[in-house]
Amino acid sequence: MGSERELVERAQAGDTGAFDVLVSFYAKRVLSIAWGIVRSASDAEELAQEAFVKAYQSIGRFRLDEPFGPWIFRITTNLALDVLKHRKRVKHEEITEREPAPRRDRADLPAITNEIARRIGGAIDELPEMQRVVAQLHLIEEFEHREIAAMTGLSEGTVRSHLSLARGKLREKLADLYGDGDD
Amino acid sequence: MTDEEFFSRVRNDAAPLRYEPDPFALARIRAGVRERILRPTVPQLLARWFRPITATLAIIALAAGIGVATIDNNDNGSMGDASVEIVMAGDSYSVGQ
């Protein structure tokens, strides 16, 4: 996108207004990716902000022949995965007499009117962490394997393997909706 | 159903799961980013503090330099002009040169 390249060029020259336009283009998607991984509205918002600030601080190193989207999505995903790691460490220290499953506060989930979607969301939530992240990015955010690999720093093979494992579990959990999954 | 078909159906059915932020979330993000990228960095902040201090010190040093030079000049001048001729027993002596 020509105008996007122009905006990035202007941002590289220190034009904060041009960067603001980029933020407004990508904020919703960035927020959605962040929320899909950290499952908390306030964390996702903070994270989205942090991702854009980080992008601005290193925009001088951004290559103009690349699209801005995948770059900001990668920064967002990395930050979100750091949040998950941090939570895991804290959880280890705190310890959990509560629920064993790492479910986030359900109040943060958007109002899901569709029962099938609710079932799918629940099944994705119950997947092991990286399978959940990869499944979320593939099924909800509709990224392809290659894009997910670039965003998460995993190899494409690992992404496929996470997805394959996730698919097996989802087929099992959602068997009543999509058949018994024996093919 | 093949794996691909399964995922494709799940994708369709999962569309409502896409996050819909509250209407002000995006505005908050933009405002937060704007505020943070316009906020001066530590070196900028230090430069902002030190620039006037440096300027003041430079002015003081300059004034002091000029002052010392003027006093020096005056001292030299008065010494030069203040040679005194003393005549004693028919001989004359000059003091202060």
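1. Setting aside residues within four places in sequence, Ala51(A) is in contact with Val30(A), Ile72(A), Ile75(A), Thr76(A) and Leu79(A). Please keep in mind as you look around that this is a predicted model.

2. Where does Ala51(A) sit? You will find Ala51(A) in helix α3 of chain A, which covers residues 41-57. Is Ala51(A) buried or exposed? Ala51(A) counts as buried because 28 C-beta neighbours lie inside 10 Å, and the cut-off for that label is 20 or more.

3. Now step back to the whole of chain A. Its domain assignment gives domain 1, residues 1-103, and domain 2, residues 111-183. Between these domains of chain A, 12 residues of domain 1 are in contact with 12 residues of domain 2.

4. Which helices of chain A each supply at least two residues to the side of domain 1 that touches domain 2? They are α2 (16-38) and α4 (68-94) of chain A. The largest share, 6 residues, comes from α4(A). By class, this side of domain 1 of chain A has 7 nonpolar, 3 polar and 2 charged residues.

5. A friendly word on confidence to finish. The predictor gives the complex an ipTM of 0.78 and a pTM of 0.72. Chain B averages a pLDDT of 83, and 91% of its residues score at least 70. Where pLDDT is low, the predicted coordinates should not be read in detail.

Notes:
Residues numbered from 1 in each chain as written. Chains lettered and ligands numbered in written order. Predicted model: local features only at pLDDT ≥ 70, side-chain atom pairs only at ≥ 80, totals over all residues. Domains from an automatic or database assignment. Contact = placed C-beta atoms within 7 Å. Helix = DSSP H or I, 4+ residues; strand = E, 2+ residues; numbered from the N terminus. Nonpolar A, V, L, I, M, F, W, Y, C, P; charged D, E, K, R; others polar. pLDDT = per-residue confidence, 0-100. Buried ≥ 20, exposed ≤ 12 C-beta atoms within 10 Å, placed from the backbone.
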